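Me: Can you walk me through this one? I'm new to it.
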Amino acid sequence: MRRKLAAGNWKMNGLRADVAQVEALAQAFPDPGCDILICPPATLLAGFVPAGQGVVSLGGQDCHSATHGAHTGDVSAPMLADAGADYVILGHSERRADHGESSELVAQKVRAAHAAGLIAVVCVGETLAERDAGTTLDVVGAQLDGSLPDCVTAANTVIAYEPVWAIGTGRIPTLDQIAEVHDFLRARLADGAFAAHADGMRLLYGGSVKPDNAAEIFATANVDGALVGGASLKAADFGKIILALCAS
Ligand SMILES: O=C(CO)COP(=O)(O)O
């Protein structure tokens with residue numbers, strides 16, 4: 001049985017005062033039936049950990065593949081762990097696009113995350129041009145294969161399917177399209193080097209998940225939770241998504 005995960009990616013949003021959102025979530029869900037994760041900017045991690053009260057886990061949004069060294073502006077996986085993070089998002093499409101991250105680099109980062117004891121949330125997803133060209137499964141399959149090093153297990157890795165064209169746009173794939181990709185990802189895992197972990201690996205959907213569409217997305221086969229951007233910034237909205245997930 002896969003434990004469901006509601007993950008919030010705050011991206012480059014949030015200040016210390018927003019700890020109130022984490023406190024509100026922890027108070028609203030003292031004994032949640034699913035895992036709750038907030039990934040704020042790295043500057044906020046250490047301050048948010050106590051507010052999570054052990055029920056809201058914290059995660060980073062990226063890490064370097066090295067443990068330390070001359071990499072100005074970067075944050076390492078051991079640093080995230082030291083700040084109290086349990087997870088780190090890797091290979092988000094905004095990193096792949098804005099920072100030119102290849103799947104090969106993402107795989108190195110996943111390895112670094114695992115070495116630091118972090119759970120990696122590895123993102124894959126096609127652009128609109130790729131979907132229109134009919135290459136969605138080729139694209140996400142190649143990203144999946146290339147982004148997972150051999151240390152991946154169901155316990156230390158979560159996969160997030162995030163169609164680039166659904167992120168921040170209010171546009172979501174049909175439920176059939178979500179199911180097609182999630183079924184494909186699980187089958188791809190089952191076929192390859194991670195066969196022993198395919199059944200236990202959590203697959204999240206991300207891209208314009210909101211309180212009013214969460215329930216139907218969570219009812220879709222092979223969807224084990226969500227990676228939520230904009231709607232995770234306010235506890236009131238994210239709480240409704242968590243409720244929908246716990247009820248699914
Ligand atoms: O990119 C996302 C989460 O990582 C999704 O963002 P939105 O929920 O704002 O579309």
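Me: What do the buried residues of H8 pack against?
Reply: Several elements. They pack against helices H7 (136-147), H9 (195-198) and H10 (214-218). Strands S6 (157-161) and S7 (202-206) are on the list too. Keep in mind that this is a predicted model.

Me: OK, which residues of H8 are buried?
Reply: Ile178, Val181, His182, Leu185 and Leu189. They cover an arc of only 95° around the axis, which puts them on the same side of H8.

Me: Why would residues three or four places apart point the same way?
Reply: An α-helix has 3.6 residues a turn, so residues with that spacing point the same way.

Me: And what's exposed on the other side of H8?
Reply: Asp176 and Asp191 are exposed there.

Me: How far apart are the end C-alpha atoms of H8?
Reply: They are 24 Å apart. H8 has 17 residues, 175-191, and at 1.5 Å a residue it should span 24 Å, so the two agree.

Me: You mentioned Leu189. How far is Asp145 from it in space and in sequence?
Reply: 8.7 Å in space, C-alpha to C-alpha. In sequence they are 44 residues apart. Asp145 sits in helix H7.

Me: Is Asp145 partly exposed or buried?
Reply: Partly exposed, because it has 15 C-beta neighbours inside 10 Å.

Me: New topic. How confident is the predictor?
Reply: The protein averages a pLDDT of 97. 100% of the residues score at least 70. The model also scores ipTM 0.99 and pTM 0.97.

Me: And the ligand? How many residues surround it?
Reply: 14 residues do. The closest are Asn9, Ile167, Gly206, Gly229 and Gly230.

Me: What classes make up that shell?
Reply: 8 polar, 5 nonpolar and 1 charged.

Me: Let's go to H1. Which residues are buried there?
Reply: Gln21, Val22, Leu25 and Ala26. Seen down the axis of H1, they fall within an arc of 135°, so they line one face of the helix.

Me: What do they pack against?
Reply: S2, H2, S3 and helix H11 (235-247).

Me: H2 is on that list. Which of its residues are buried?
Reply: H2 covers residues 45-52, and Leu45, Phe48, Ala51 and Gly52 are buried. Their arc around the axis is only 115°, which puts them on the same side of H2.

Me: What covers them?
Reply: The cover includes helices H1 (19-28) and H3 (77-82). It also includes strands S2 (35-39) and S3 (56-60).

Me: What follows H2?
Reply: Gln53, with a positive phi near 50°. Most residues other than glycine have a negative phi.

Me: Where is Lys11, and what is its phi?
Reply: Lys11 is in the loop between strand S1 (5-9) and H1. Its phi is positive, near 50°, and it is not a glycine. Lys11 counts as partly exposed, because 19 other C-beta atoms lie within 10 Å.

Me: What about Ser208? Buried or exposed?
Reply: Buried, because 22 other C-beta atoms lie within 10 Å and the cut-off for buried is 20 or more. Ser208 lies in the loop between S7 and H10. Its phi is positive, about 60°, although Ser208 is not a glycine.

Note on methods:
Residues are numbered from 1 along each chain as its sequence is written. This is a predicted model: local features need pLDDT of at least 70, side-chain atom pairs count only at pLDDT 80 or more; totals for chains, interfaces and linings use all residues. Helices (H or I, at least four residues) and strands (E, at least two) are DSSP runs, numbered from the N terminus. The expected span of a helix is 1.5 Å times one less than its number of residues. A residue is buried if 20 or more other C-beta atoms lie within 10 Å of its own, exposed if 12 or fewer, and partly exposed in between; C-beta atoms are placed from the backbone. The arc is that of the directions from the helix axis to the C-beta atoms. Two residues are in contact if their C-beta atoms, placed from the backbone, lie within 7 Å. pLDDT is the predictor's confidence in each residue, from 0 to 100. A residue is near a molecule or strand if its C-beta atom, placed from the backbone, lies within 6 Å of it. Ala, Val, Leu, Ile, Met, Phe, Trp, Tyr, Cys and Pro count as nonpolar, Asp, Glu, Lys and Arg as charged, and the others, Gly among them, as polar.
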